[in-house]
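Welcome, and thanks for taking a look at this one with us.

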Amino acid sequence: MRIILAGFGTVGQALAQVLHQDADRITQAYGFRPQITTIVDSQGSCSDDAGLDISLVLKTKKEYGTVARYPRKGRRNNDSAHIITNSEAEVVVETTPTNFKDAEPGLSNIKAALANGKHVVTANKGPLALAMPALLELANHRNRQLRFSGTVGGGTPFLDFAAKCMPGERIIRVRGILNGTTNYILTRMETASLTFEKALAEAQRKGYAEKDPTNDVEGFDTAAKIVIIANWVLKKRYSLRDLDITGITKITPQKLKQAKASNAKVKLIGRIEESSASVAPEQIPMADPTCVPDTLNALTFTTEHAGDITLIGPGAGGERTASAIVRDLVSIRQEYAT
Ligand SMILES: NC(=O)c1ccc[n+]([C@@H]2O[C@H](COP(=O)([O-])OP(=O)(O)OC[C@H]3O[C@@H](n4cnc5c(N)ncnc54)[C@H](OP(=O)(O)O)[C@@H]3O)[C@@H](O)[C@H]2O)c1
């Protein structure tokens with residue numbers, strides 16, 4: 001299986017490392033060898049049809065900041081959609097930055113890949129948040145796979161659980177915590193009586209929050225995940241603009257104290273109900289299984305006959321997300337002999 005990797009940051013490099021490390025095990029267990037043949041970053045690309053030397057490409061990225069300096073086969077060409085269109089690889093893995101304005105460059109990369117008969121695995125939520133129904137249709141029309149396990153819950157298989165482990169059962173409602181950054185901030189505001197600004201600064205120092213934290217603290221990241229779950233699990237054709245979204249920037253330590261007095265905590269909750277979906281801070285009873293601390297994620301599926309089922313796990317991280325991408329690559333291979 002030949003792979004084009006668009007984006008070579010935290011997740012892209014973790015994936016390269018995991019595939020390099022696990023190549024023999026994957027070959028033995030699943031009968032195929034995933035090989036990264038092209039990598040694109042913001043400054044350029046490198047390609048080798050025989051498979052890139054992963055140790056060398058990681059060393060090159062570390063030393064020069066771009067894969068364009070890969071010996072002999074590096075180029076200052078970062079036109080990823082063009083590179084995808086002209087490549088013979090079977091799968092595109094999309095790990096460019098999430099952008100909720102126009103979803104680029106991820107959206108063009110995914111469209112180019114599907115239009116040219118390539119399967120897609122994306123960790124990038126932007127294209128799905130803005131255009132998931134259309135992208136699923138395009139994949140279906142082209143008889144190719146579009147997979148996105150790493151977009152929700154990192155390595156914790158929220159999507160696979162709901163889509164694969166409950167055949168015959170009807171999931172009626174979904175609610176929970178889907179963003180580790182805001183959960184960490186709210187936890188620190190409550191346990192150390194920090195203001196929102198101080199807790200955010202601490203999360204940034206620890207690497208849990210990005211320099212521009214808007215997508216997390218304004219609730220867009222949680223909303224994108226709710227859109228993905230709504231489309232994939234509940235077959236609702238939602239996009240980001242269908243949701244009511246409120247973030248956590250107006251939460252004060254006083255509000256958290258009030259909640260504590262009634263044995264509750266304030267959490268940023270994403271919800272999908274029968275005919276609506278939303279993201280907003282809510283008071284959650286401490287005894288509720290979704291009331292998890294720190295950077296954890298927790299999601300409760302309300303089913304028609306089996307009651308409430310809650311999954312808890314870490315929601316992000318380069319290596320965990322890489323693990324979800326590998327799951328998707330194996331699933332693609334199992335469905336199509338590429
Ligand atoms: N980090 C996580 O824990 C996590 C978890 C789940 C999902 N995700 C999602 O996965 C994606 C990647 O996350 P990350 O943490 O790896 O981000 P990152 O470290 O910022 O890496 C992004 C990569 O995309 C490259 N890039 C930027 N613009 C590009 C362009 N126009 N063409 C080609 N490449 C371009 C960057 O190039 P340079 O290296 O040259 O800057 C970089 O290599 C994001 O969409 C994110 O939301 C991340």
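How do the residues of the shell around the ligand divide into nonpolar, polar and charged? They divide into eight nonpolar, 19 polar and two charged. Do keep in mind that this is a predicted model.

**Around the ligand**

- There are 29 residues around the ligand, and Gly-7, Gly-9, Val-11, Ser-42 and Asn-124 come nearest.
- Two or more residues of the shell come from each of α1, β2 (35-41) and α12.
- The element that gives the most to this shell is α1, with three residues.

- Strand β1 (residues 2-6) runs parallel to β2, and five bridges join the two.
- Within this part of the sheet, Ile-4 stands opposite Thr-38 in β2.

**The six-stranded sheet**

- Another open sheet has six strands in the order β9-β11-β10-β8-β12-β13, and its pairing is mixed as well.
- Here β9 (244-245) and β13 (308-314) are the edge strands, each with pairing on one side only.
- Six bridges link strand β8 (residues 171-177) with strand β12 (residues 296-303) in the antiparallel sense. Gly-176 has Leu-299 in β12 as its bridge partner.
- β12 and β13 also run antiparallel, joined by seven bridges, and Ala-298 stands opposite Ile-312 in β13.
- Four residues lie between β12 and β13, which form a hairpin.
- Helix α11 (residues 253-261) lies across β10 (264-272) and β11 (277-285), and runs at about 95 degrees to β10.

**Helix α1 with helix α12**

- Helix α1 (residues 10-30) packs with helix α12 (residues 318-335) at an angle of about 45 degrees, their axes being 9 Å apart.
- The two helices, α1 and α12, are therefore oblique to each other, and their crossing is right-handed.
- On the α1 side, the contact includes Thr-10, Val-11, Ala-14, Leu-15, Val-18 and Tyr-30. They meet residues of α12, among them Gly-318, Glu-319, Ile-325, Val-326 and Arg-333.
- By class, the contact of α1 with α12 has nine nonpolar, four polar and two charged residues.

**Helix α5 with helix α10**

- What angle do the axes of helix α5 (residues 126-141) and helix α10 (residues 220-232) make where they cross? They cross at roughly 20 degrees and come within 9 Å.
- That angle makes α5 roughly parallel to α10, and the crossing of the pair is right-handed.
- From α5, the contact draws on Leu-128, Ala-129, Met-132, Pro-133 and Leu-136. From α10, it draws on Ala-224, Val-227, Ile-228 and Asn-231.
- The residues of the contact of α5 with α10 comprise eight nonpolar, one polar and no charged.

Technical notes: Residues are numbered from 1 along each chain as its sequence is written. This is a predicted model: local features need pLDDT of at least 70, side-chain atom pairs count only at pLDDT 80 or more; totals for chains, interfaces and linings use all residues. Axes are lines fitted to C-alpha atoms, for helices over the stretch in contact, and angles run from 0 to 180 degrees between N-to-C directions. Angles under 35 degrees count as roughly parallel, over 145 as roughly antiparallel, 65 to 115 as roughly perpendicular and the rest as oblique. A crossing is left-handed if the near helix is turned anticlockwise from the far one by less than a right angle, and right-handed if clockwise. Two residues are in contact if their C-beta atoms, placed from the backbone, lie within 7 Å. Ala, Val, Leu, Ile, Met, Phe, Trp, Tyr, Cys and Pro count as nonpolar, Asp, Glu, Lys and Arg as charged, and the others, Gly among them, as polar. A residue is near a molecule or strand if its C-beta atom, placed from the backbone, lies within 6 Å of it. Two strands pair if DSSP finds at least two bridges between them.
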